[in-house]
Amino acid sequence: MLHQSGIAITGSGSAVPAACLDNEGMSRLVETSDEWIASRTGIRQRRLASPEAGIRTIAAQAGRNALEMAGLTPMDVDLIILASSSADDLFGSASQVQAELGASKSVAFDLTAACSGFVFGMVTAAQFIRTGTYQTVLLIGADILSRWTDWTDRRTCVLFGDGAGAIVMQASPTDDRFLGFEIRSDGSQNSCLTLAFQPQSKELVDDITVGQGNFQPIFMNGQEVYRFAVKKVPEVIEKALFRANLTVEQVDWLVLHQANQRILDAVAQRLGIPGEKVVSNMARYGNTSAASIPIALDEVVRSGQVKVGDTIVTAGFGAGLTWGSAIFQWGK
Ligand code: UT7
């Protein structure tokens, strides 16, 4: 008989760079104001990584903190999933993080799904644990989008910040606390939000030409992405709730990707979830892409607001376009 393991979420951690740029500083960079940014997005400041900092170091720090909370060491980890769209190396940064942690018994790989990366990572980790393949997974969401921001484009540069967050997911023989999920993508809307490679022809020999070039800075059609998020995120949460056999009233916390306070408010309102259950920290960090959900989660866990057994609904959304929701109960 196929044994299906239960899953517990046993630790969280986060790490953000020290440098902090507030909206006043931003208004010295581009034509904007604290009033515009705060009222349209809810963002007041963001942390920015120095040139020497890397995904490797901030991801490892977040991972270390999460393992410590779970009472584990890096040698206990079977699998590391690094959700990131701004790896230090296009070949992947997960194994660099593995080395930084000294998690030499684990296997590590990268997962790219932009701001949905953390939720997609949770779902991926859950499959490995369910089947009994791995017992302990360290999932890290980390992004340094300041590397890819057009710092002359006020429509996007005010939005993003850098950071990393992590959770530990473990096999549980007694309980199953990973309750339901739904993940989606729609590549037909890909051009709404891109960090695209732009090749230029380079002729080699005998009419053989290859494309070489660089990635272009982030482009976003903000209004389109806003409309998409407000429509699709409640739908995908409802689907995940259905799969988890839960009603909206049973939700203790809504931890959405921290893109825009207006999106959080609209999603919560559509679902009928009261404001006090909606976790929001974008005022201090901006949109940290794959890191935003685990950083927000880590804050409410460490502050003692989240109790063991609380039901948490997460949802990520962004480039791809991708979106998804994962529902779990906190703790062992
Ligand atoms: O993480 C991935 C997922 N991303 C998202 O979910 C982002 C979704 N989109 C949004 O959050 C919003 O669309 C934005 C915050 C990006 C923009 O807010 P908006 O209310 O949709 O503004 P808008 O793009 O319609 O721009 C309104 C006005 C424009 O001026 P005009 O054309 O009306 O004269 C913009 O040029 O605001 C102007 N504007 C700014 N003004 C001051 C745009 N950016 C700025 C700025 N400062 N930083």
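In helix α3, the buried residues (under 20% relative accessible area, with a 1.4 Å probe and protein chains only) are Ile55, Ile58, Ala59, Ala60, Ala62, Gly63, Asn65, Ala66, Leu67 and Ala70. The structure is a predicted model, in which local features need pLDDT of at least 70 and side-chain atom pairs count only at pLDDT 80 or more, while totals for chains, interfaces and linings use all residues. Residues are numbered from 1 along each chain as its sequence is written, and side-chain values use heavy atoms, with hydrogens and water left out.

Helices (H or I, at least four residues) and strands (E, at least two) are DSSP runs, numbered from the N terminus. An α-helix has 3.6 residues a turn, so residues three or four places apart point the same way. Which elements cover the buried residues of α3? The cover, judged by contact (heavy atoms within 4.5 Å), includes the strands β1 (6–15), β4 (79–83), β6 (136–143) and β7 (163–172), together with the helices α4 (94–101) and α10 (292–302). Just after α3 comes glycine 71, with a positive phi of about 75°.

Serine 50 has 34% relative accessibility and so counts as partly exposed, a class that lies between buried and exposed (over 50%). Its C-alpha atom is separated by 32 Å from that of glutamine 305, 255 residues apart along the chain.

Attention can now turn to strand β15 (322–329). Seven of the eight residues of β15 are buried, leaving the strand mostly covered. Two strands pair if DSSP finds at least two bridges between them. Strand β8 (residues 178–185) pairs with β15 in the antiparallel sense over seven bridges, and here phenylalanine 178 faces phenylalanine 328 of β15. Strand β14 also runs antiparallel to β15, joined by eight bridges, with phenylalanine 317 opposite tryptophan 323 in β15. In a regular strand the side chains alternate between the two faces of the sheet.

The hairpin of β14 and β15 has three residues between its strands, and glycine 320 there takes a positive phi near 140°. A cis peptide bond, with omega about -10°, links glycine 320 to leucine 321. Leucine 321 lies in the loop between β14 (311–318) and β15.

Two further loops contain residues with positive phi. Aspartate 207 sits in the loop between β10 and β11 and has a phi near 65°, a positive value in a residue other than glycine. Because its relative accessibility is 73%, aspartate 207 counts as exposed. The loop between β10 (197–203) and β11 (209–215) also holds isoleucine 208, which is partly exposed because its relative accessibility is 47%. Together with Leu204, Val205 and Val210, Ile208 makes a nonpolar surface patch of about 340 Å². Asparagine 245, in the loop between α7 (222–243) and β13 (253–256), is not a glycine either, yet has a positive phi of about 60°. With 69% relative accessibility, asparagine 245 counts as exposed.

Patches are made of residues with over 30% relative accessible area and no salt bridge, nonpolar side chains (Val, Leu, Ile, Met, Phe, Trp, Tyr) being joined within 5 Å and like charges within 9 Å. Accessible areas come from the Shrake-Rupley method with a 1.4 Å probe, and for residues only the protein chains shown count as cover. A salt bridge is a side-chain nitrogen of Lys or Arg within 4 Å of a carboxyl oxygen of Asp or Glu.
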